[in-house]
Structure formats: structure tokens, C-alpha cells
Amino acid sequence: MTESDLTLTELAGLLASPLDPVLTDPTRLRIQAALHALPPDAEISFTLLRKTLQLTDGNLGAHVKVLIDAGFVSTAEHWRGKRRTTLYRATASGRAAFEAHVQALNAIIQASGR
């Protein structure tokens, strides 16, 4: 095997890292990143998450639904009188998927520098 073949083999290995199809959407990646930044047992309200990411209610709601359906995010609802507050947190599988996605992105970045 030549040096060129070895480099191509290494490059192919780096680029083979799978990206998560749910997290390839930039908005969902940002949402998951925000939830991942919280401690594992911490939650964030819909309103605070929306304001932090500067999203509309509908945009955040649609993307969070995809993350919930994928099992990456869990919700809890709390009531104070007649007001409902929805809280979100990253699940263990969501945290693992985010870590794997970030590793795949880093592999692609590393490969591009060769």
C-alpha cells in the first residue's frame, strides 16, 4: 500500500462517520445543543428556549416535535393556576445522538484539513 492509498483509506474512514439525520437540520441541532448544555437533570421552558434561540413558537414547536418523536427530548408540563408551562430536557439517547453527531462533524472537519 502506498502512502497515497493510506491517506485515502484514512480519509475514507473519517468521512464514513454517520451524521444523525434528525440532527442534520440546523434548527434541531441548535435546540439539541441548547438542551445538551444543561445538566442532565435540568429542564428549560418553551418560552426561555424560544427566546434563547430566537425562534417563533411554531418553528420551535415543529422542530421539538421531531426531536420528541425521535426520543431525543422529553417534556413535562406544570400548571400554575390556569397557566401551563412546558419544560424540555435532553434524554440519554438524545445526549448520545448529539455526541455521536458532533464526533461525525469533527471527523469531517479533520478530514477536510488533510
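## Helix packing and the nonpolar core

In this predicted model, 63% of the contacts in the protein chain with a separation of 6 or more are accounted for by residues 24 or more positions apart.

Student: Read along the sequence, which pattern does the protein chain follow?

Tutor: The protein chain has five helices and three strands. Taken in sequence order, these elements give the pattern α-α-β-α-α-β-β-α.

Student: How are helix 2 and helix 4 oriented to each other?

Tutor: The axes of helix 2 (residues 26–36) and helix 4 (residues 57–69) come within 10 Å and cross at roughly 75°. That crossing angle lies between 65 and 115 degrees, and the two helices are therefore roughly perpendicular.

Student: Which residues of helix 2 meet helix 4?

Tutor: On the side of helix 4, the contact involves Asn59, Leu60, His63, Val64, Val66 and Leu67. By class, the contact of helix 2 with helix 4 has five nonpolar, four polar and one charged residues. The residues contributed by helix 2 are Thr27, Arg28, Ile31 and Gln32.

Student: At what angle do helix 3 and helix 4 pack, and which residues of helix 4 make the contact?

Tutor: The axes of helix 3 and helix 4 are 10 Å apart, and the packing angle is about 110°, so these two helices are roughly perpendicular as well. Helix 3 contributes Phe46, Leu49 and Arg50, and the residues from helix 4 are Asp57, Leu60 and Gly61.

Student: How many residues does the largest nonpolar core have?

Tutor: Among the residues with the most contacts inside this core are Ile31, Leu35, Leu60, Leu67 and Phe72. Helix 2, helix 3 (46–53), helix 4, strand 3 (83–90) and helix 5 (92–112) each supply at least two of its residues. The core has a total of 18 residues.

Student: Leaving out residues up to four places away in sequence, which residues does Leu49 touch?

Tutor: Leu49 belongs to the group with the most contacts inside the largest nonpolar core, and Leu49 is also part of the contact of helix 3 with helix 4. With sequence positions up to four places away not counted, its partners are Ile31, Ala34, Leu35, Ile44, Leu60 and Tyr88.

Student: Is Gln54 buried or exposed, and what is its relative accessible area?

Tutor: Gln54 lies in the loop between helix 3 and helix 4, and its phi is positive, near 55°. Most residues other than glycine have a negative phi. Because exposed means over 50% relative accessible area, Gln54 counts as exposed, with a value of 71%.

Methods. Residues numbered from 1 in each chain as written. Predicted model: local features only at pLDDT ≥ 70, side-chain atom pairs only at ≥ 80, totals over all residues. Heavy atoms only, no water. Axes fitted to C-alpha atoms, helices over the stretch in contact; angles between N-to-C directions. Helix = DSSP H or I, 4+ residues; strand = E, 2+ residues; numbered from the N terminus. Parallel < 35°, antiparallel > 145°, perpendicular 65-115°, else oblique. Contact = heavy atoms within 4.5 Å. Nonpolar A, V, L, I, M, F, W, Y, C, P; charged D, E, K, R; others polar. Core = buried A, V, L, I, M, F, W, Y, C linked by side-chain atoms within 4.5 Å. Buried < 20%, exposed > 50% of the residue type's maximum accessible area, 1.4 Å probe, protein only.
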